[in-house]
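This text leads the reader through one protein structure, from its overall form to a few individual residues. Please keep the sequence and the model in view while reading.

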Amino acid sequence: MTQAAAAPRPRRRPRTAGALVVRTTELHGDAPASLLDVLPDRAPLAWLRRGAGLVAWGEVARVRVSGADRFAEAERAWHDLVARTVVRDDVGLPGSGPVAFGSFAFDDAADDGGSLIVPRVVVGRRSGRTWLTTIDAGPRLGSAPDLATAVGEPTPVQPPGTVSYADGSRSASDWAAAVARGVAAIRDGDLEKVVLARDVLAHTTNPVDPRWLLARLAASYPTCWTFSVDGLVGATPELLTRSEKGLVTSRVLAGTIRRTGDDVADLARAATLAHSSKDLEEHEYAVSSVAAALEPFCSSTNVPDVPFVLHLPNVLHLASDVAGVLAARADDEAAPSSLALAAALHPTAAVCGTPTAAARALIKQIEGMDRARYAAPVGWIGADGDGEWGIALRCAQIDPDDHSRLRLFAGCGIVAASDPGAELAEAEAKLEPIRAALAATD
């Protein structure tokens, strides 16, 4: 896709007084049973899957970015900060040492293009090992961090109370009508697929504790990546990119059918999904867009010939895991970071459509909502540039001014064969993870 060159922007520097000092030590007998057990209720950061990953809190630095160059701007600021950081890392695993959490806007033109947040405390777990990282502004490394001191006394997790719902940007019937307009545009033009988002507003009688949502999403959707960054909380089944020691992977989802709750019936539905021409067409667009975006960075890629069916508690998805080996670089040329790869991949056909420019134009024309950070990259980056970035799906944005208000998001891929009623039912199914987490009781 050809875009007009963006006006040069000044480099953004993190909000720090000077160099940072980072200390990572392994935890043994004092390791928490669950990483979520150590999180405070204020602005928790999390990236978890199958009980492993990272949780963090506090804020040593924040990088705010905007515009089409927001990913590169964030990467420059991160590399600049890392270059001024003193590190002692006794663990040496992905996610130990300096890390930053981030989320970015879907649209290049968004006023708030995204942020990278450098936390004060990180607790990580990987390959059966658990560690504690502390990050401070100061001239030199201090003594080894202590978990009890770093965590303090966590406050009890509070339930959200009674939940009520209201229409978001559109009513259900209006959203179905927008889908019909999308189908008509596809049939009448050169567009092959467009992804339309739906939002619903929720109001709770008690302020929402993000840890309440995180615990229930992680328990119900262990194969998803459960995240909390800047008030955006969710469990995404779609990994935009993972970059680790020269290998890059991406899990692509497109093509969905709702589960019935009956195992035998759902097996039949999985077979139907795997042979659905409409869903296979939608999936092919998404996989092709990811493979094409990764190709310039890789010496080789592996693109599955056929997708597999991913079983989640609420829906079944067609899924493909695309993998690649990053191409060798000259000695003075840095390998692309996970953020650079995320920038190249975003937006995939799975969250925007194809061709990208035409899909984006149609989204702006008929969607009727500001996506903000829905369907955009969310994740973390390490000191070496490696990291993991998911697509913010099955999520909710907690209102920063009123924690009793949330905006829930879902989206559906629309092709020429799409039925508006079926797409509305699919969107409702994709809203279920957050609805169920809000409604859950102890």
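Helices, of at least four residues, and strands, of at least two, are DSSP runs that are numbered from the N terminus. In these terms, Pro355 is found in the loop between strand 19 and helix 8. The model is a predicted one.

Consider the whole chain before its details. The protein chain has 9 helices and 23 strands. Its C-alpha trace spans about 65 × 55 × 40 Å along the principal axes. A compact globule of 442 residues would have a radius of gyration near 22 Å, and the chain agrees with this, because its own value is 21 Å. Buried residues make up 52% of the 442 residues. Among contacts with a separation of 6 or more, 76% are between residues 24 or more positions apart.

The surface and the charges can be described next. The accessible surface of the protein chain comes to about 18,200 Å², and carbon and sulfur atoms account for 52% of that area. The chain has 44 positive and 55 negative side chains, and 3 Å separates the centres of the two sets.

How many disulfides does the structure hold? The number is 0. Cys224 is in no disulfide, and the nearest cysteine sulfur, that of Cys395, is 12 Å away. A disulfide requires sulfur atoms within 2.5 Å, so the 12 Å between the sulfur of Cys395 and that of Cys224 is too far for a bond. Cys224 counts as buried because its relative accessibility is 1%, and Cys395 is buried as well, with a relative accessible area of 0%.

Helix 8 covers residues 356-366 and includes Ala357. This alanine counts as partly exposed, at 43% relative accessibility. Ala357 and Leu191 are 166 residues apart in sequence, yet their C-alpha atoms are 9.5 Å apart in space.

Ala375, with a phi of about 65 degrees, lies in the loop between helix 8 and strand 20 (377-382) and is buried, at 2% relative accessible area. Arg394 has a phi of about 50 degrees. Its place is the loop between strand 21 (387-391) and strand 22 (395-398), and Arg394 counts as buried at 7% relative accessibility.

Methods. Residues are numbered from 1 along each chain as its sequence is written. This is a predicted model: local features need pLDDT of at least 70, side-chain atom pairs count only at pLDDT 80 or more; totals for chains, interfaces and linings use all residues. Side-chain values use heavy atoms; hydrogens and water are left out. The radius of gyration is taken over C-alpha atoms; the globule rule is 2.2 Å times the number of residues to the power 0.38. Buried means under 20% relative accessible area, exposed over 50%, partly exposed in between (1.4 Å probe, protein chains only). Contact means heavy atoms within 4.5 Å. Accessible areas come from the Shrake-Rupley method with a 1.4 Å probe; for residues, only the protein chains shown count as cover. Lys and Arg count as positive and Asp and Glu as negative; His and the chain ends are not counted. The place of a charge is taken as NZ of Lys, CZ of Arg, CG of Asp or CD of Glu.
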